[in-house]
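Please keep the sequence and the model in view while reading.

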Amino acid sequence: MATEALGWWGVPLGIMAGMLRGSAPFLFVSLGECLTEKSGKVNLGLEGTLLTGAMSAYAISYLTEKSVGPAISPWLGVLVAGLAGMVLGFIHAWLSQQPKVNDVAVGIAMIIFGSGIAFFLGKPFIQPPAPQLPTFDLGAWSNVPQIQSALKISPLLIIGILLAPLMAWFFKSTRWGLFIRAVGDSPDAALAMGISIAKVRMLCIIAGSFLAGIGGAYLSLYYPGSWSERISSGQGLMAVALVIFARWNPIQCLWASLLFGGAQAIGPALQAVGVEGGYYLFNASPYILTLLIMIITCSPKKTLTGAPGALGTFT
Amino acid sequence: MNPAVEISQTKELDLPPELEVVNMTKQFGQLIALDQVSLTLKPGTFHALLGENGAGKSTLVKCVMGFYQPTSGEVRFNQQVQTIASPRDAQRHGIGMVYQHFTSVPAMTVAENLVLCRYESAALIDWKAEYEVLNAFMETAPFKLPLSAIVAQLAAGEKQKLEILKQLYLKSKILILDEPTSVLTPGEADEVLGLIRQEVVAGHLSVLLISHKFREVTAFVDEITVLRKGKFAGSGSVKDLTIADMAEMMMGEKRDPQKVEKTVHPDPTPVLQIQEIHANKDNGLEAISGVNLTVNSGEIVGIAGISGNGQRELVEVLAGQRIATAGQVLVNGEVYRASRREMFKHRVFVLPEEPLKNACVPQMSVAENLALRTFDRSPQAKGWMLLFKPIREAAQRLIKIFKIKTPSPETPVSNLSGGNVQRTVLARELSSDHINLLIAANPCFGLDFAAVDYIHSEILETRNRGVAVLLVSEDLDELLKLSDRILVISEGKFAYESPIATADFAAIGRSMAGH
């Protein structure tokens, strides 16, 4: 067996494979949340958006397979997942901008609503197989099957990796990027410049939810690659925590997503080399990582550096 | 040659337009905020708009800026009637406004803020070209700022300069300044206004200044217009008017300056002793670095300083809202940690700034807020039971004595006006017979003359009873009037200390600026 041939090298390889395979949902959701929080709003509901995206992508890919063919139907699924995310984003944006409405409360309601609607509409799609997204096989040079499978890369991940620097550039060098930062950091200043705070936030939340929806499509159409109700296992919520860890910087969102994707693979990688004890404990490592990050970064005595000035305040 | 630079050079040759406001009225529901007010801002003049709080100054300029649509009346440029539908329209007509509070984005650089304020900039920002234009602009600007500095790291004076630079960058010909010097030291204020004055004299700008500082008006302004209770109350040339004339126009009556009578206390004893206190800001950086101070009975010690130099954190430490990282506070010679028991024992009372936020429970009634110090003791409580009758009676008594304007004792305190919230807190904190130490922070911020006089007399009366008073304020005139001893706090340390009789105004200003 190749696993035995690799020995303990299988562990870092497994973790790296997990990074490349499992970090895309974190990346899309955290970039979406980063965009949303830069405008001064929090959208906890992205967990629900992720599930709705996963369900709608899978359903559309399955339903359109006959009419457009298995090559195009998953991409149609990706698009519809984004659009479904936008609908949820619009609801969140509208609700959370009503007077005296709290972002976090609406976000929790949207988690329940988004996952509820995904479970409700997704029931018929739990069994049948849907066409999956294609991959680039960058590991064809190697004859070790682990390396071959580790270097299978989804085009969505590449899009996500390109999106991170693009978003950083957008915040720095476009008029719209500056508007968003102004709205998130100092709404009074934005108002004095004639920027409509409600409009900017509405668009940011909707665009952020679009990205989260695509993250969901990645889950159901690539990895793990089927639709079930336990598919996200809280990745949407972890991605929100990750934005704080990344200090609201898209490039750092990319590194943090890779870290979380790797952490997710610790359990399976250890199991592959025969470490059976503590399997569930290692599987919990992303959650422990989230908790640790929260403890390390939060202090009652100081505010976070880099946080948008108006984040989560009533304006 | 860059087109943007070319335009600015041709534009500089013509004078700003004449701005006329004619019979402007603005109603908010039943309230007439502005009643048939007219004003003329001649090209190349420095014009001041004076009036008490609530006189309608802000409403007037907001109508001119397009934030509000006037109920009736019109705005004319060079005798041409123009409607201004939005601040963007105002910018198109060459009017720019500098607000009382900074409107720059703190997390961005100077360059980003300048580019951001332009309405008609391209969707993509070519930073290389922008920097060339901005550098060229800075060459000709009356004050210079480093383009790549983060705004949050600029001093208050520099931030205010950036606000004005923004308007010059937008090529505004008419500048409306809303109390632009309220956050500056006297020295910074003179510098900024002096440089603007040079631009006005050179014919590049007309300025409409909202102010209540007569010192600035007499030093820099050509003409004034005065509003009182939403109506036109007078206008004229500054060189023909005395300060008393202007004050009379604002108040509607001649007023003698309030007399300050201080009784001398023969044997002062130290009441409050602050020993080597250190404390951090919200972001974890040090705000106060080792201050020592003693306040004696029957004495008002004033602390001056530009906001953000640690005074807020110091008051929060004394009020028990913030934990000091090092050092200790003694009251009556005993260690004081601002627990409720210690506050009662040592009779410490606090008038914090922003009283609605720091000293009230906004949704609770006026009566309940008045009882916050006493509700758990006899006669307002019996054991663990609250007795609502004595609470209500005490509230009614205080409402009467301190003239709090409230529909009833049961009204939530957040429904009261700012002045009456301040009176509510004042009533609660000063009504006790046995005050020993009073800590007050900006007690008169945003209040009108009558309320300010009232609060000043209450604080003085308290002092004359033998109470030790620590007064932290951003208003130097207030400190010079009330204090027995004045200190200046700068970057978390005391930079100046003097008895009031020998205090040197210029030295205070210099220490505030950190020199």
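Val105(B) lies in the loop between strand 6 (95-98) and helix 4 (110-116) of chain B; helices (H or I, at least four residues) and strands (E, at least two) are DSSP runs, numbered from the N terminus. The model is predicted, so local features need pLDDT of at least 70 and side-chain atom pairs count only at pLDDT 80 or more, while totals for chains, interfaces and linings use all residues. Residues are numbered from 1 along each chain as its sequence is written, and chains are lettered from A and ligands numbered from 1 in the order in which they are written.

Is Val105(B) buried or exposed? Val105(B) counts as buried because it has 27 C-beta neighbours inside 10 Å. A residue is buried if 20 or more other C-beta atoms lie within 10 Å of its own, exposed if 12 or fewer, and partly exposed in between, with C-beta atoms placed from the backbone. Leaving aside neighbours within four places in sequence, Val105(B) is in contact (C-beta atoms, placed from the backbone, within 7 Å) with Arg181(A), Ala182(A), Asp185(A), Ser186(A) and Ala189(A) of chain A, and with Asn113(B), Leu116(B) and Val151(B) of chain B.

## The contact between the chains

The contact takes 19 residues from chain A and 26 residues from chain B. On the side of chain A that touches chain B, helix 9 (175-185) and helix 10 (187-192) each supply at least two residues. Helix 9 of chain A gives the most, with 6 residues.

The side of chain A that touches chain B divides into 6 nonpolar, 7 polar and 6 charged residues. Here Ala, Val, Leu, Ile, Met, Phe, Trp, Tyr, Cys and Pro count as nonpolar, Asp, Glu, Lys and Arg as charged, and the others, Gly among them, as polar.

## The nonpolar core

The largest nonpolar core has 233 residues; such a core is a set of buried Ala, Val, Leu, Ile, Met, Phe, Trp, Tyr and Cys residues joined through C-beta atoms within 7 Å. Its largest share, 15 residues, comes from helix 11 (residues 197-221) of chain A. In soluble globular proteins, nonpolar side chains tend to be buried together.

Among the residues with the most contacts inside the core are Ala54(A) and Leu242(A). Beyond its neighbours within four places in sequence, Ala54(A) is in contact with residues including Ala118(A), Gly216(A) and Trp227(A).

## Helix packing in chain A

The axes of helix 3 (residues 46-63) and helix 6 (residues 103-122) of chain A come within 7 Å and cross at roughly 20°. Axes are lines fitted to C-alpha atoms, for helices over the stretch in contact, and angles run from 0 to 180 degrees between N-to-C directions. Helix 3 of chain A is therefore roughly parallel to helix 6 of chain A; angles under 35 degrees count as roughly parallel, over 145 as roughly antiparallel, 65 to 115 as roughly perpendicular and the rest as oblique. Ala54(A) in helix 3 and Ala118(A) in helix 6 are among the residues that meet here. The residues of this contact divide into 11 nonpolar, 6 polar and 1 charged.

Helix 12 (residues 235-245) and helix 13 (residues 250-264) of chain A pack at an angle of about 130°, with their axes 9 Å apart, which means that helix 12 of chain A is oblique to helix 13 of chain A. Leu242(A) of helix 12 and Cys253(A) of helix 13 are among the residues that make the contact. The residues of this contact divide into 7 nonpolar, 1 polar and no charged.

Definitions and conventions:
Contact = placed C-beta atoms within 7 Å.
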